[in-house]
Amino acid sequence: MEYLILASACVVSTTYNSLINRSGKKYIKNITDNFSFCALLAFFAALTLLIIGGKPESPSTFTIIWALAYGLFTVTYSVTSVLAMSCGPMSYTVLIICSALMLPTFSGFAFWHEKVAAVQIVGVAVLMVSIYLGANPKKDGRVTLKWFLLCLGAFASSGFLGIIQKIHQRSDYAGELNIFLFIAFAASAVLMTVICVVLSRLGVRKTVSLRSNILPLGAFAGICEGLVNLMMLYLAGKLASVILYPVYNGAALMLTALAASVIFKEKLSKTQTAGFILGVISIVLIGNMTANLF
């Protein structure tokens with residue numbers, strides 16, 4: 001059952017990435033547009049979680065604290081990842097951000113004493129090579145200290161989001177996952193809306209109107225974001241980190257590349273194709289449940 005949910009999360013994540021790709025290229029023109037769009041996503045994600053969870057229960061203090069932290073890292077990830085892509089090479093940016101899977105993966109081994117097999121470690125190593133080839137990094141003169149620091153921010157934010165998932169779902173309050181995510185997305189939506197207002201008063205006004213097609217795109221993407229986070233949060237308490245995060249990140253990256261090729265007619269290079277094949281091999285190795293654990 002857990003692997004079916006993981007597969008569903010990968011598919012929904014691919015849909016989310018495709019919607020973001022289309023919206024970003026067509027509608028997002030400046031940083032205020034970006035915050036406005038991200039706030040829209042967070043609003044519909046929170047609304048989706050509210051509908052699924054029904055009447056909100058009274059959350060524990062533990063859940064509230066970690067939900068707010070999750071919401072904060074969601075905002076910092078959105079800011080740093082978009083800014084890094086805008087001022088540096090996209091290929092290297094994607095490579096660094098995807099490598100963040102190593103943080104929650106090894107946290108499971110270090111802090112929760114999760115078992116791991118040698119073949120799974122090999123699988124993670126192969127996956128890193130696959131991500132490198134898939135990102136297809138090339139020499140680019142835009143590599144600067146500012147870009148590198150932004151990438152580190154996105155890397156850390158993405159990694160900590162995974163670690164917070166593990167912290168909450170390995171606690172006595174794991175059953176509060178719906179209200180946890182609702183608080184996180186509601187808080188991030190409010191924070192990003194405030195940032196939009198501040199940026200507008202500073203003269204950086206948004207260029208896109210909610211009357212355009214960005215509203216249905218944002219609504220659908222927000223629903224996907226809420227569903228993916230709900231599935232991943234649930235799985236954080238059910239699957240070992242060495243399986244969950246590498247398989248999710250690797251499969252989602254490969255499916256997104258495939259969607260870009262099929263839907264958006266973006267051609268994959270021979271290097272990226274090789275990375276795709278290695279990615280499939282790595283997922284098979286990581287998901288090997290017959291290997292000897294240690």
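Begin with helices H5 and H7, which are oblique to each other. The model is predicted. To find the pair, select residues 102-111 for H5 and residues 145-169 for H7. Their axes come within 7 Å and cross at roughly 40°. An angle of 35 to 65 degrees falls between the roughly parallel and roughly perpendicular classes, so the pair counts as oblique. The crossing of H5 and H7 is right-handed.

Now show the whole protein as a cartoon. How many helices and strands does the secondary structure come to? There are 11 helices and 0 strands. Following the chain along the sequence gives the pattern α-α-α-α-α-α-α-α-α-α-α. The protein has 294 residues, and 47% of them count as buried.

Next, select residues 31-53, which form helix H2, and residues 177-201, which form helix H8. What is the angle at which H2 and H8 pack? The angle is about 155°, and the axes are 8 Å apart. That angle makes H2 roughly antiparallel to H8, because angles over 145 degrees are put in that class. H2 passes H8 in a left-handed crossing.

Stay on helix H2 and pick out Ala46, which is found there. Is Ala46 buried or exposed? Ala46 counts as buried, because its relative accessibility is 5% and the cut-off for buried is under 20%. Ala46 and Ala189 are 143 residues apart in sequence, while their C-alpha atoms are 8.6 Å apart in space.

Move on to Gly54, which is in the loop between H2 and helix H3 (61-87). With a relative accessible area of 33%, Gly54 is partly exposed. Select Asn178 as well and draw a distance between the two C-alpha atoms. The separation is 9.1 Å, although Gly54 and Asn178 are 124 residues apart along the chain.

Which value describes how the axes of H8 and H9 cross? They cross at roughly 135° and come within 10 Å. That makes H8 oblique to H9. The crossing of H8 and H9 is right-handed.

The C-alpha atoms of Cys224 and Ala45 are 7.4 Å apart, and the two residues are 179 residues apart in sequence.

For the last stop, switch to a surface view. Select Val11, Leu255, Leu258, Val262 and Ile263, which form a nonpolar patch on the surface. Together these residues have about 420 Å² of accessible area. Which helix gives the largest share of the nonpolar patch? The answer is helix H10, residues 241-262, which supplies 3 residues. Leu258 is in helix H10. Leu258 has a relative accessible area of 38%, so it is partly exposed. Patch residues must have over 30% relative accessible area, so Leu258 passes that cut-off.

Technical notes:
Residues are numbered from 1 along each chain as its sequence is written. This is a predicted model: local features need pLDDT of at least 70, side-chain atom pairs count only at pLDDT 80 or more; totals for chains, interfaces and linings use all residues. Side-chain values use heavy atoms; hydrogens and water are left out. Patches are made of residues with over 30% relative accessible area and no salt bridge: like charges are joined within 9 Å, nonpolar side chains (Val, Leu, Ile, Met, Phe, Trp, Tyr) within 5 Å. Accessible areas come from the Shrake-Rupley method with a 1.4 Å probe; for residues, only the protein chains shown count as cover. A salt bridge is a side-chain nitrogen of Lys or Arg within 4 Å of a carboxyl oxygen of Asp or Glu. Helices (H or I, at least four residues) and strands (E, at least two) are DSSP runs, numbered from the N terminus. Buried means under 20% relative accessible area, exposed over 50%, partly exposed in between (1.4 Å probe, protein chains only). Axes are lines fitted to C-alpha atoms, for helices over the stretch in contact, and angles run from 0 to 180 degrees between N-to-C directions. Angles under 35 degrees count as roughly parallel, over 145 as roughly antiparallel, 65 to 115 as roughly perpendicular and the rest as oblique. A crossing is left-handed if the near helix is turned anticlockwise from the far one by less than a right angle, and right-handed if clockwise.
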